[in-house]
Amino acid sequence: MGSSRSNARIIRFAVFALILIGCGFILSRGSYYNADVNPGTNLQAKPASDGSIASGGEQNAGSVSGDSAAGNGGNVQAELQISNQNVPAAAKPKAEAGANKKDKVKATFVSLARNSDLNSLLGSIRQVEDRFNHKFNYDWVFLNDKPFSDEFKEVTSAVVSGTTKYGLIPEEQWSFPPWIDQEKAALTREQMKEKGIIYGDSKSYRHMCRYESGFFWRHELMMDYDYYWRVEPDIKIYCDIDYDVFKWMSDNNKAYGFTISLPEYKETIPTLWDVTKKFIKENPQHIAKNNMMEWISTDNGETYNGCHFWSNFEIASLKLWRSEAYKAYFETLDKNGGFFYERWGDAPVHSIAAALFLQKDQIHFFDDVGYYHVPFHNCPVSKETRLKNKCVCNPDEDFTWKGYSCTTKFYTVNNLPRPKGWENFT
């Protein structure tokens with residue numbers, strides 16, 4: 001009899017334990033992985049309102065000019081006045097605070113990628129989704145000079161919480177324009193290779209820099225948006241971002257945001273500033289009165305010090321690039337041929353334009369995000385910020401206050417207060 005009662009108690013205890021384990025498993029799963037509310041896992045082609053294809057389709061941009069997006073042109077400041085009256089619906093409903101449909105702005109992530117980049121890009125997407133986008137569900141645009149594979153679309157759609165869109169880059173935007181002397185360009189690549197200049201002998205790198213400078217913002221898939229966040233393979237986001245960075249940019253009249261800045265390799269841009277100075281002289285109407293010339297030049301514009309925002313991370317207004325000022329500047333650079341006869345990068349091109357065409361206070365340094373792209377780290381040096389945002393980075397590796405960084409100059413030029421203890425991380 002005693003043995004029977006003992007066995008019964010053991011059985012009841014085992015059943016109770018199994019129930020507890022089952023409850024714990026259900027609670028630990030949460031609702032975030034519920035496929036029924038995740039449009040990113042819908043692998044069927046979905047036509048967007050402008051005829052573009054989302055989550056599975058692919059659209060060729062043709063020769064989109066971008067003129068319609070810029071309106072009638074004129075002063076950059078006027079063109080950057082962004083209306084929030086026609087805010088689109090969120091990619092999907094979310095219960096979290098801050099993900100309200102009415103609070104969202106017209107914004108997207110954008111990644112220029114090849115099919116072979118899939119695995120390295122997935123890590124970047126996971127970082128961004130876990131730290132930010134699972135709360136806000138913004139769209140993600142992928143651009144490629146070759147058609148995306150079904151595998152690329154299927155896998156990326158599964159991990160992005162917003163709507164995914166896949167665009168094909170027109171051949172004329174990823175090739176030598178007709179005015180380029182290709183023999184001269186080939187000699188430049190040969191000479192740069194001999195000098196050991198990084199990417200000096202690469203044709204594809206030059207096409208990428210030209211495309212990022214003058215065309216990604218013209219792609220018809222990007223026409224639905226006012227802001228973008230550029231994401232590249234193999235990056236890391238170190239901190240939780242609990243506020244909507246796009247809405248913050250819009251509400252605070254910011255047009256360009258960065259995390260890392262440094263000098264450009266002078267050997268890649270020997271004549272870039274000469275061409276820029278000529279443009280400034282011939283187009284004074286495009287230069288902002290309270291610009292940031294002091295950040296890119298130490299002699300009032302006579303020479304360029306090379307300081308540029310590292311453009312592998314950009315959160316910016318598309319209206320900056322669609323402005324008459326920037327379109328005229330890019331056309332001047334493009335016709336000069338420096339993307340191919342030298343090795344002009346999109347980072348100095350974007351940075352010079354932002355410094356000249358924007359007011360100082362329209363450029364923002366994100367000191368609370370935490371970012372890594374080989375070989376540089378951005379890690380908040382403020383312990384309070386790191387703890388609040390659950391950052392997983394070593395402030396001793398932060399590049400911001402090192403001697404080679406241009407961000408210290410950014411603080412000085414804009415008269416910004418430096419974080420407490422910054423001097424311990426120089």
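The largest pocket here has a volume of about 1,100 Å³. Keep in mind as you look around that this is a predicted model. A search of the whole structure also turns up three cavities of 30 Å³ or more, and a three-stranded open sheet brings in His373's strand partner.

**The largest pocket**
- Its lining is made up of 39 residues, and those nearest the centre are Tyr199, Tyr205, Met208, Glu232 and His373.
- Two or more lining residues come from each of β5 (139–144), α6 (203–214), β10 (261–263) and α13 (346–357).
- The top contributor to this lining is α6, which gives five residues.
- By residue class, the lining of the largest pocket holds 20 nonpolar, nine polar and 10 charged residues.

**The second largest cavity**
- Around it sit Val110, Ser111, Leu112, Leu143, Tyr211, Glu212, Phe216 and Arg230.
- Both β4 (107–112) and α6 give two or more residues to its lining, with the largest share, three residues, coming from β4.
- Five of the lining residues of the second largest cavity are nonpolar, one is polar and two are charged.

**The sheet**
- Strands β8, β14 and β15 form an open sheet in the order β8-β14-β15, with antiparallel pairing.
- At the edges are β8 (236–237) and β15 (376–378), each of which pairs on one side only.
- Strand β14 (residues 371–373) is joined to β15 by three bridges.
- His373 has Phe376 of β15 as its bridge partner, and His373 is also among the residues nearest the centre of the largest pocket.

Technical notes: Residues numbered from 1 in each chain as written. Predicted model: local features only at pLDDT ≥ 70, side-chain atom pairs only at ≥ 80, totals over all residues. Heavy atoms only, no water. Pairing = 2+ DSSP bridges. Helix = DSSP H or I, 4+ residues; strand = E, 2+ residues; numbered from the N terminus. 1 Å grid on protein atoms, 1.4 Å probe; cavity = no way out; pocket = protein on both sides within 12 Å on 5 of 7 lines; lining within 4 Å. Points joined across faces, edges and corners; volume = space filled by probe spheres on them. Nonpolar A, V, L, I, M, F, W, Y, C, P; charged D, E, K, R; others polar.
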